[in-house]
Amino acid sequence: MPARSASARANRAESTARTAPRACGVPAGQGPRSPLAYDAFCRDHWPVYLAYATVAAGCPRIGADIARGALRDLTFRWDTALSAAAPATVAWELLSDKSVPHHTPSVRRLRRVLGPREVDALLLRYRVGLSAPAAAHAMGLDGPGFELLRARALRGITQRTLW
């Protein structure tokens, strides 16, 4: 019996790996040249991307559309992302840019006084609730780089009026 359940788990994992690009809206056969790396990236980053986009847009349905669209766009830039120092940086820029037209009024106010990456750092850390290392990973930053960005954002909102 244990062999059967192990086989079932393996089949389920293979099925998930084959369908991950389609879950992000990529038609079969039109994915990146290194589909396993792309699939792993999508599985790793999807929950955070979905949570961020939902918080930024204020709507789960729109958040899912934003996250799915960013990962779909990433398929066309995957080779470039792989050659970058951190593929997550390329992907995060796509996600962040794609979310802008759907921002809630409070996120728009923040963006008037802070830079886009600073706003993203605050949303990930304080609205999504990620730890600093997890938020840094999502944005493709190292820990000290994320902490610097977060500290600069907090300093910026305490020195400016948001309303």
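Select Arg61 and Asp65 first: both are in helix H3, four residues apart, about one turn of the helix. Helices here are DSSP runs of H or I with at least four residues, strands are runs of E with at least two, and both are numbered from the N terminus. The model is predicted, local features need pLDDT of at least 70, side-chain atom pairs count only at pLDDT 80 or more, and totals for chains, interfaces and linings use all residues. Residues are numbered from 1 along each chain as its sequence is written, and side-chain values use heavy atoms, with hydrogens and water left out.

Stay on that pair. The side chains of Arg61 and Asp65 form a salt bridge, 3.6 Å from N to O. A salt bridge is a side-chain nitrogen of Lys or Arg within 4 Å of a carboxyl oxygen of Asp or Glu. Arg61 counts as exposed at 56% relative accessibility, while Asp65 counts as partly exposed at 40%. Buried means under 20% relative accessible area, exposed over 50%, and partly exposed in between, using a 1.4 Å probe and protein chains only.

Next, select Asp73 and Lys98. Their salt bridge has its closest N and O atoms 3.1 Å apart. This pair links distant parts of the chain, with Asp73 in helix H3 and Lys98 in helix H4, 25 residues apart. Asp73 is partly exposed at 26% relative accessible area, and Lys98 is partly exposed at 29%.

Move to helix H8 and select Glu147 and Arg150, which lie three residues apart in that helix, about one turn. They form a salt bridge with the closest N and O atoms 2.7 Å apart. Is Arg150 buried or exposed? Arg150 counts as buried, at 16% relative accessibility, whereas Glu147 is partly exposed at 30%. The structure holds five salt bridges.

In the segment after H8, select Arg160. Arg160 touches Val113 and Leu114, not counting residues up to four places away in sequence; contact means heavy atoms within 4.5 Å. The C-alpha atoms of Arg160 and Val113 are separated by 7.1 Å, although the two are 47 residues apart along the chain. Arg160 is partly exposed, with a relative accessible area of 42%.

Now turn to helix H2 (35-57). Which residue marks its bend? H2 bends by about 50° at His45, and Pro47 follows within four residues. The bend is the angle between axes fitted to the seven residues ending at a residue and the seven starting there. Buried residues in H2 include Phe41, His45, Tyr49 and Tyr52. Just after H2, Gly58 takes a positive phi of about 75°.

From there, look at the largest nonpolar core, which has 41 residues; Phe41, Tyr49, Tyr52, Leu74, Trp92, Leu95 and Leu124 have the most contacts inside it. H2 gives this core its largest share, 10 residues. A nonpolar core is a set of buried Ala, Val, Leu, Ile, Met, Phe, Trp, Tyr and Cys residues joined through side-chain atoms within 4.5 Å. Select Leu95 to see its contacts, among them Tyr49, Tyr52 and Ile66.

Finally, show the whole chain. It comes to eight helices and zero strands. Buried residues make up 38% of its 163 residues.
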